[in-house]
Amino acid sequence: MDLAYICEWEKRPKSNHCPSIPLVCAWSCRNLIAFTTDLKNEEEKDLTHMIHMIDTEHPWDVYSINSGHVEMITCLEWDQSGSRLLSADADGQIKCWSMTDHLANSWESTMGCSVEGDPIVALSWLHNGVKLALHVEKSGASNFGEKFSRVKFSPSLTLFGGKPMEGWIAVTISGLVTVSLLKPNGQVLTSTESLCRLRCRFYKVCVSVVNEKCKIDTEILPSLFMRCTTDPARKDKYPAITHLKFFARDMSEQILLCASNQNNSIVEYWSLRKEGLPVNNIFQKLSPTVGDKPPMILKWRILSATNDLDRVSAVALPKLPISLTNTDLKVASDTKFFPGLGLALAFHDGSVHIIHRLTLQTMAVSYGSQRPVDEQAIKRQRTAGPSVHFKAVQMSWTSLALVGIDSHGKLSMLRISPSMGHVLDMNMSLRHLLFLLEYCMVTGYDWWDILLHVQPGMVQNLVEKLHEEYMRQNAALQQVLSTRIIAMKASLCKLSSATVARVCDYHAKLFLIAISCTLKSLLRPPVLNTPDKSPGDRLTEICSKITDVDIDKVMINLKTEEFVLEMTTLQSLQQLIQWVGDFVLYLLASLPNQGSGPVRPGHSFLRDGASLSMLRELMVMIRIWGLLKPSCLPIYTATSDTQDSMSLLFRLLTKLWLCCRDESHPSEPDDALIDECCLLPSQLLIPSIGWLPANDSIISKLQNKQPLRLQFGKPPGLAGHSALLQYDAFARAPGQPKIDHLRRLHLGAYPTEECKSCTRCGCVTMLKSPNKATAVKQWEQRWIKNCLCGGLWRKMPLSYS
């Protein structure tokens with residue numbers, strides 16, 4: 001376990017961020033972290049309760065919200081999709097925050113509820129019943145369905161037709177349970193019920209909707225006394241329970257308890273089980289049915305406990321739902337695969353221990369990054385009271401990273417190795433990372449925390465193995481995951497200077513797939529009730545069957561009436577059509593120099609039969625549309641006025657496609673084709689493709705294992721990473737015209753329009769659409785919530801140029 005980066009607040013004379021008490025932190029499946037601080041104003045002596053949102057890739061770009069909570073914030077809780085956040089305070093106020101315009105650095109409170117003056121101590125979203133467990137035992141299986149299986153448990157509440165109902169449940173300090181349900185029409189149903197007044201510790205709460213009203217039923221469960229309190233020698237040693245955690249949503253009968261005094265703590269792991277009640281022989285003789293089936297009762301059993309520990313300041317449970325059968329645990333132990341099996345304890349001396357969730361044995365230790373370096377600091381440390389320690393810790397969704405907020409409000413990101421520090425051979429390390437990458441690919445979780453552990457030497461192997469595993473799945477699943485695997489390969493390739501040029505290719509491929517789907521979806525069959533294939537499928541079929549190099553001969557075989565669109569629609573798509581034309585020209589012109597010099601962007605397309613086939617179909621479609629409206633055709637700067645550029649490019653593209661159409665036996669392009677491509681720059685002006693910019697990502701700077709020191713609100717310098725500098729050569733230099741990467745519009749050197757950029761690939765696009773045409777709206781709907789690579793959007797400052 002080692003430190004990846006630290007992010008701290010700038011010291012200001014008048015107001016500063018101090019850690020809130022209690023300090024709360026939450027980590028979403030999209031790798032967004034929310035945490036609280038109090039903003040202290042020296043002059044007015046008042047406290048503002050702040051909530052801060054950061055994306056783990058850009059921790060300095062913090063979005064701070066004045067929460068509007070009057071009292072201190074006691075709970076933060078993300079929903080399962082990672083797009084909404086609940087906050088609750090000591091005055092009984094609960095607020096639900098959601099993104100404005102799907103921007104990760106712009107949030108607003110949309111709804112809420114309150115229990116006047118009653119502090120909230122526990123808060124949770126109702127569950128949607130969707131959870132995939134990992135089976136370590138099956139990690140070598142070829143089918144994703146065997147490796148990851150649905151956990152059988154139903155949603156907390158369902159609407160008509162079994163759809164999960166959204167909402168949250170909260171418990172106050174005085175024992176009130178409040179449930180808020182979000183109806184599809186935006187209405188909030190709230191109900192409150194008191195838990196019984198007896199000094200009992202556990203309750204079962206059943207929520208239902210009756211006659212459009214929310215109904216709560218509570219049932220008392222057996223209580224328990226911690227073992228340390230029943231031991232006469234230690235009866236009064238631990239006066240208070242400081243932490244109580246339920247292990248998981250689908251395993252709420254298992255709890256972790258921590259009791260502490262001023263200097264020490266003890267942790268115990270309990271489980272609620274059904275047990276048979278032994279019945280006396282006399283009664284068994286009287287009633288034979290009792291002897292067969294003894295009555296069952298619920299009883300708490302202690303499963304494991306720790307020895308006396310230093311005082312625990314915070315606890316983080318793993319979020320990865322790993323299967324806990326005996327065979328899975330044995331395979332995990334043999335292969336040293338521990339994500340999801342360790343929980344984190346932070347101590348008052350600044351250290352963090354990872355302990356096994358079942359046996360509570362220590363698996364890994366981190367001794368805190370806050371070791372004083374200079375002598376002055378050491379002297380101060382001795383005189384000052386307690387050392388700097390984590391007040392709140394949270395694990396990432398794959399359990400490979402841990403975030404801690406310390407008593408100075410500083411944020412630390414720690415890596416947790418999948419093998420907990422055991423030295424493994426390269427092959428096994430790759431298998432572990434591959435297994436978790438596949439899990440993220442299937443669930444749709446963000447995989448940033450896995451990239452923390454990828455070394456440059458692993459990239460090539462990981463990409464190849466990921467592709468192999470993907471190709472083993474059935475066609476339907478491949479189609480569902482087709483864009484996610486490309487985005488995953490792109491983020492992996494960014495980590496090694498040897499593969500950095502391929503990042504551009506992967507992003508271009510995502511863009512090409514999106515354009516192809518959008519343009520094909522605009523085609524309509526002339527008669528509505530045709531039982532035949534859709535026009536898009538028929539276009540694909542005819543283009544793959546007819547291998548003629550003449551574009552007009554391919555065109556004759558198509559039903560032209562299917563391609564009829566309104567003139568305004570065609571004109572509004574001109575920028576996308578222009579990109580397709582430019583891209584084909586760029587690829588063909590780069591064919592002659594593919595074997596020499598460094599790998600340039602576009603290289604992998606020259607061997608990719610599927611992508612070339614897609615480009616051929618688009619060229620045929622564009623040619624037909626050009627007959628309807630010539631002004632929508634791509635514009636080429638040619639040396640001769642009589643040259644038909646489209647048919648020339650189609651002819652060369654078809655010849656190149658025929659070389660690699662059969663992926664199992666690709667052939668080399670013949671010399672005649674290469675000679676014709678060599679002549680292209682003298683016939684047409686080769687365009688510059690606006691590749692994605694070098695991203696200001698932090699992940700590639702964390703590979704040398706040196707912790708980075710960052711400051712909230714200040715982007716770090718980009719110097720010192722050769723792969724990024726090489727990548728920069730393909731991007732535009734400062735002061736050059738900027739480009740909207742998704743609309744393919746030029747924004748000028750100093751854009752005046754507000755823009756948003758992707759948190760993962762750095763792709764930039766305008767916030768507001770300049771075009772209201774239906775076809776353009778259809779194109780923009782593809783990436784309104786997420787970038788094409790799946791990353792979240794963040795609003796950029798106007799001065800980004």
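## Exercises on cavities and helix packing

The largest share of the lining of the second largest cavity, three residues, comes from β5. The model is a predicted one, in which local features need pLDDT of at least 70 and side-chain atom pairs count only at pLDDT 80 or more, while totals for chains, interfaces and linings use all residues. Residues are numbered from 1 along each chain as its sequence is written, and side-chain values use heavy atoms, with hydrogens and water left out.

**Exercise 1. Describe the second largest cavity by its volume, its lining and the classes of the lining residues.**

Step 1. A cavity is a set of points, on a 1 Å grid over the protein atoms alone, where a 1.4 Å probe fits but cannot get out, and its lining residues have an atom within 4 Å of a point. The volume is the space filled by probe spheres set on the points, which are joined across faces, edges and corners, and for the second largest cavity this volume is about 70 Å³.

Step 2. The lining consists of Leu 32, Met 53, Ile 54, Asp 55, His 58, Asp 61, Ala 104, Asn 105, Thr 759 and Arg 794. At least two of the lining residues come from each of β5 (47-55) and β6 (58-66), where strands are DSSP runs (E, at least two residues) and helices likewise (H or I, at least four), numbered from the N terminus.

Step 3. With Ala, Val, Leu, Ile, Met, Phe, Trp, Tyr, Cys and Pro counted as nonpolar, Asp, Glu, Lys and Arg as charged, and the others, Gly among them, as polar, the lining divides into four nonpolar, three polar and three charged residues.

**Exercise 2. State the volume of the largest cavity and identify the residues closest to its centre.**

Step 1. The structure holds three cavities of 30 Å³ or more, and the largest has a volume of about 210 Å³.

Step 2. Of its 19 lining residues, the closest to the centre are His 507, Ala 508, Phe 511, Leu 692 and Arg 744.

Step 3. Two or more lining residues are given by α11 (500-521) and by α15, and the largest share, five residues, belongs to α11. By class, the lining of the largest cavity has 15 nonpolar, three polar and one charged residues.

**Exercise 3. Work out how α15 is oriented against α16, and which residues meet.**

Step 1. Helix α15 (residues 574-590) packs against helix α16 (residues 609-628) at an angle of about 130°, with the axes 10 Å apart; axes are lines fitted to C-alpha atoms, for helices over the stretch in contact, and angles run from 0 to 180 degrees between N-to-C directions.

Step 2. Angles under 35 degrees count as roughly parallel, over 145 as roughly antiparallel, 65 to 115 as roughly perpendicular and the rest as oblique, and α15 and α16 are therefore oblique to each other.

Step 3. Contact means heavy atoms within 4.5 Å. Ile 577, Val 580, Phe 583, Val 584 and Leu 587 of α15 meet Leu 612, Leu 615, Leu 618, Met 619, Ile 622 and Trp 625 of α16, a contact with eleven nonpolar, no polar and no charged residues.

**Exercise 4. Classify the orientation of α9 to α10.**

Step 1. The axes of helix α9 (residues 459-471) and α10 come within 10 Å and cross at roughly 175°, which makes α9 roughly antiparallel to α10.

Step 2. The contact of α9 with α10 has eleven nonpolar, four polar and one charged residues.

Definitions and conventions: 1 Å grid on protein atoms, 1.4 Å probe; cavity = no way out; pocket = protein on both sides within 12 Å on 5 of 7 lines; lining within 4 Å.
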